[in-house]
Amino acid sequence: MEIIVAMLAGCVIGATVFPARLSRLNSILQTVATTLLIFSMGVMLGSREEFLAELGSVGVASAAFCLLPTALSTVLVYALTRAVFGDQAGVRQNVAERARDASTSDRESGHKSNGEMTLVACAVGALAFGTCYGLSPIALAPADWLAHSSDAILYALMFFVGITVGQSKGIIEKIRRYHVKALVIPAGITVGSLAGGLVASLLCSMNPAVGCAIGGGMGWYSLTGVVLSDLAGAQAGSIAFLSNLLRELVSFFSIPWIARRLNYLTCIAPAGATSEDTTLPMLVKCTNEETVVLAVVNGVVCSALVPVLVGLLQPLF
């Protein structure tokens, strides 16, 4: 709830009093906040007592439970958005805009591409540095403070993203065109994630219901890891934690490629439940304002579905 409040506050400020000349500064602040957030994730990952052991014992299974749900979600959402939205899904519309004003679009495309590469580079560096710091015995007060301030950093990030959305003109009217059609995105992600979890469970000789629950985490690693540790054992919980954390990280690097090769709405698919928060800045860099708002809606729906799916599957464990 606090995340949505922070973003709405940013939207109001962006739409009313935020100067357009500071848009570049707002973009930089988003990159900084995202980098710090990924650093804190890396520290959390490296600080787990079982981290190195988990890499050896459940690393392959975690990779399968990350990649298969992500891939199937992406394929299904791409097919659905092409069928339901057509050219409104993003890519063709952008081509038409470039044809009307080639020089302006080329400049904007160049800026967007530079922003994507900068954010990816920052994400890689922050993750590597954070994980190494978490594994090391060194204790630095500033780094420890950042690692334990992920919630505050996330709220700030959502505020900055809200400013970007609030500065967009006519965004509400654009979203109204979609109505209930917007729900095809979380539907595709949910079905694809469950199917991917099922396939991964068969490959890893695991209870199919537990596998579906792991895939149905849709990137929400904290909840899925804790709940499945209690319901299905420590190994299932570890796989759930690592695979869903990996999905969140994989989405940072797959979103730019999907935006260029498929369509904007499909960029939401790998992010899953995290499209409303941690992966939103990459969506801001790579897509448009309509997609960002739909990503928030998707994140809310998917996050609400995760505990429901686990609860429904639990009797089959």
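## A ring at the surface

Let us start with one residue in this predicted model: phenylalanine 129, which is exposed, with a relative accessible area of 52%. That value puts phenylalanine 129 in the exposed class because the class takes residues over 50%.

## The chain as a whole

Of the 317 residues in the chain, 51% are buried.

The accessible surface of the chain is about 14300 Å², and carbon and sulfur atoms account for 68% of that area. Contacts also tell us how the chain is put together. Taking those with a separation of 6 or more, 81% are between residues 24 or more positions apart.

## The nonpolar core

The largest nonpolar core has 76 residues, and the members that touch the most others are Met7, Met158, Val161, Ile189, Ile214 and Leu280. Which helix gives the most to this core? That is helix H13, residues 234-261, with eleven residues.

Setting aside neighbours within four places in sequence, valine 161 is in contact with Met7, Gln30, Leu280, Pro281, Val284 and Val292. Two of these partners, Met7 and Leu280, are also among the core members listed above.

Helix H13 also holds serine 251. Serine 251 is buried, with a relative accessible area of 0%. Beyond the neighbours within four places in sequence, its contacts are Pro270, Ala271 and Thr279.

## Aromatic pairs

A pair of aromatic rings is described by the distance of the centres and the angle of the planes. The count for this chain is four aromatic pairs. Why is the pair of phenylalanine 39 and phenylalanine 129 called stacked? The ring centres are 5.5 Å apart and the planes meet at 25°, so the pair is stacked, as planes under 30 degrees apart count that way. This pair links distant parts of the chain: phenylalanine 39 is in helix H2 (residues 23-47) and phenylalanine 129 is in helix H6 (residues 102-135), 90 residues apart. Phenylalanine 39 is buried at 7% relative accessible area, whereas phenylalanine 129 is exposed at 52%.

Another pair is made by phenylalanine 159 and phenylalanine 160, with 6.0 Å from centre to centre and 65° between the planes, an edge-to-face arrangement. Phenylalanine 159 is partly exposed, with 25% relative accessibility, while phenylalanine 160 is buried at 17%. Ring pairs also join Phe39, Phe129 and Tyr133 into a cluster.

Which residues make the nonpolar surface patch of about 370 Å²? They are Leu22, Leu25, Ile28, Leu29 and Val32. Valine 32 belongs to helix H2 and is partly exposed, at 41% relative accessibility.

## Two loop residues with positive phi

Serine 205 has a phi near 55°, a positive value in a residue other than glycine. You will find serine 205 in the loop between helix H10 (184-203) and helix H11 (208-215). Serine 205 is exposed, with a relative accessible area of 73%.

Methionine 218 is not a glycine either, and its phi is positive too, at about 50°. Methionine 218 sits in the loop between H11 and H12. Is methionine 218 buried or exposed? Methionine 218 is buried, with a relative accessible area of 0%.

## Two exposed valines

Valine 17 lies in the loop between helix H1 (2-16) and H2, and at 61% relative accessibility it is exposed.

Valine 226 lies in helix H12 (residues 221-232) and is exposed, with a relative accessible area of 53%. From the C-alpha atom of valine 226 to that of alanine 236 the separation is 9.8 Å, and the two residues are ten apart along the chain.

Technical notes. Residues numbered from 1 in each chain as written. Predicted model: local features only at pLDDT ≥ 70, side-chain atom pairs only at ≥ 80, totals over all residues. Heavy atoms only, no water. Core = buried A, V, L, I, M, F, W, Y, C linked by side-chain atoms within 4.5 Å. Buried < 20%, exposed > 50% of the residue type's maximum accessible area, 1.4 Å probe, protein only. Helix = DSSP H or I, 4+ residues; strand = E, 2+ residues; numbered from the N terminus. Contact = heavy atoms within 4.5 Å. Phe/Tyr/Trp six-rings, centres within 6.5 Å; stacked < 30°, edge-to-face > 60°. Patch = residues over 30% accessible without salt bridge, like charges linked within 9 Å, V, L, I, M, F, W, Y side chains within 5 Å. Areas by Shrake-Rupley, 256 points an atom, 1.4 Å probe, with all protein chains shown as cover. Salt bridge = Lys/Arg side-chain N within 4 Å of Asp/Glu carboxyl O.
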